[in-house]
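This report is for a reader who is new to the structure shown below. Please keep the sequence and the 3D view at hand while reading.

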Amino acid sequence: MPRAMEVSSSTSWELPLVAVCQVTSTPNKQENFKTCAELVLEAARLGACLAFLPEAFDFIARNPAETLQLSEPLDGDLLGRYSQLARECGIWLSLGGFHERGQDWEQTQKIYNCHVLLNNKGLVVATYRKTHLCDVEIPGQGPMRESNSTMPGTILEPPISTPAGKVGLAICYDMRFPELSLKLAQAGAEILTYPSAFGSVTGPAHWEVLLRARAIESQCYVIAAAQCGRHHETRTSYGHSMVVDPWGTVVASCSEGPGLCLARIDLNFLQQIRQHLPVFQHRRPDLYGNLGQPLS
């Protein structure tokens with residue numbers, strides 16, 4: 001049975017509880033579902049109102065061809081099973097990166113990396129298709145070419161009201177773009193989500209510092225469910241799933257291997273920070289209005 005880490009001791013039992021799940025996806029979709037379902041059942045048993053699964057919770061394939069072969073539409077069998085799971089457990093689910101065959105699949109033969117939010121009735125209440133694709137070459141980590149199999153999304157999803165607060169949807173590599181987190185915060189987000197499959201080189205160097213930076217600058221909770229361990233012969237992930245509060249403190253984290261951690265979301269604390277440190281009132285868009293331009 002998956003293990004649960006301790007809840008931060010400074011919290012009140014009346015506050016909403018969230019669960020952050022850490023898994024090691026493989027190309028075996030059936031085994032991946034079994035692992036994730038056990039974690040969701042455990043999260044519900046422990047009283048969580050919302051459980052977060054990482055990017056590629058459905059599978060991590062060996063190559064782009066296998067990725068395309070294993071992908072499904074949103075109305076396919078796998079999402080139907082997660083919908084039933086959410087309904088039976090009475091829990092909201094953040095499915096942090098589903099390999100989605102979109103409506104343009106026949107024309108493009110490419111998929112979307114889609115963050116799906118299900119409510120406790122099993123209904124899809126929001127979808128966000130990853131807008132920043134990870135096409136990078138990091139020495140020692142192997143090249144990533146997400147665009148070989150994936151189309152970028154074209155819009156940001158407005159924050160969604162959940163039992164834990166207003167949730168802004170993002171995925172993994174998106175965390176390197178503070179413009180996105182600030183846009184979501186300005187739109188009302190109280191919780192930012194970065195479900196991820198971070199690499200073994202960038203993980204130790206950048207993972208925690210980026211997540212804490214996003215929390216501090218946006219004055220939001222940041223929830224990052226992560227892949228961990230060896231997925232197949234050529235791919236490993238860093239793990240270290242965590243929850244960061246709006247002050248930048250890591251209030252919950254997973255240890256090595258699959259499992260989950262728990263945190264309580266204190267929106268009064270969030271509002272206090274925003275009142276004491278009113279950075280959104282001090283911004284100067286007249287000086288740095290358009291930050292999306294390439295370096296000159």
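## Basis of the model

This is a predicted model, in which local features need pLDDT of at least 70 and side-chain atom pairs count only at pLDDT 80 or more, while totals for chains, interfaces and linings use all residues. Residues are numbered from 1 along each chain as its sequence is written, and side-chain values use heavy atoms, with hydrogens and water left out.

## The recorded domain

UniProt, in an unreviewed entry, lists residues 15-267 as "domain: CN hydrolase". UniProt positions are given here in the numbering of this structure, feature names are shortened, and annotations may be inferred rather than shown by experiment. Over residues 15-267 the chain is 27% helix and 30% strand, and the end C-alpha atoms lie 9 Å apart. Helices (H or I, at least four residues) and strands (E, at least two) are DSSP runs numbered from the N terminus.

## Helix 3

Helix 3 covers residues 77-89, and for its 13 residues at 1.5 Å a residue the span should be 18 Å; the end C-alpha atoms are 18 Å apart, which agrees. The expected span is 1.5 Å times one less than the number of residues. The buried residues of helix 3 are Leu78, Leu79, Tyr82, Ser83, Leu85, Ala86 and Cys89. They cover an arc of only 160° around the axis, which puts them on the same side of helix 3. The arc is taken from the directions from the helix axis to the C-beta atoms. Buried means under 20% relative accessible area, exposed over 50%, and partly exposed in between (1.4 Å probe, protein chains only).

The buried residues of helix 3 pack against helix 1 (29-45), strand 2 (50-53), strand 3 (92-100) and strand 4 (112-118); contact means heavy atoms within 4.5 Å. Asp77 and Glu88 are exposed, on the face turned away from the buried side. Just after helix 3, Gly90 has a positive phi of about 65°.

## Helix 5 and Thr193

In helix 5 (residues 178-186), Leu180, Ser181, Leu182, Leu184 and Ala185 are buried. Their cover includes strand 5 (124-129), strand 9 (165-169), strand 10, helix 6 (202-218) and helix 8 (279-282). After helix 5 comes Gly188, with a positive phi near 110°.

Strand 10 (residues 191-193) holds Thr193. Thr193 is buried, with a relative accessible area of 1%. Among the residues that Thr193 touches, not counting those up to four places away in sequence, are Phe52, His115 and Ile223. The side chain of Thr193 also reaches the backbone oxygen of Gly168 at 2.9 Å.

## A hairpin

Strand 6 (residues 135-138) and strand 7 (residues 142-145) run antiparallel and are joined by 4 bridges. Two strands pair if DSSP finds at least two bridges between them. Val136 stands opposite Met144 in strand 7. The two strands form a hairpin with 3 residues between them, and Gly140 in the turn has a positive phi of about 90°.

Ala44 lies in helix 1 and is partly exposed, with a relative accessible area of 23%. Not counting residues up to four places away in sequence, Ala44 touches Cys89 and Ile91.

Phe269 belongs to helix 7 (residues 267-276) and is partly exposed at 27% relative accessibility. With residues up to four places away in sequence left out, Phe269 touches Tyr221, Asp245, Pro246 and Trp247.

Note on methods. A polar contact is a pair of N or O atoms within 3.5 Å; within protein, one must be able to donate a hydrogen and the other to accept it, and residues adjacent in sequence count only if both atoms are side-chain atoms.
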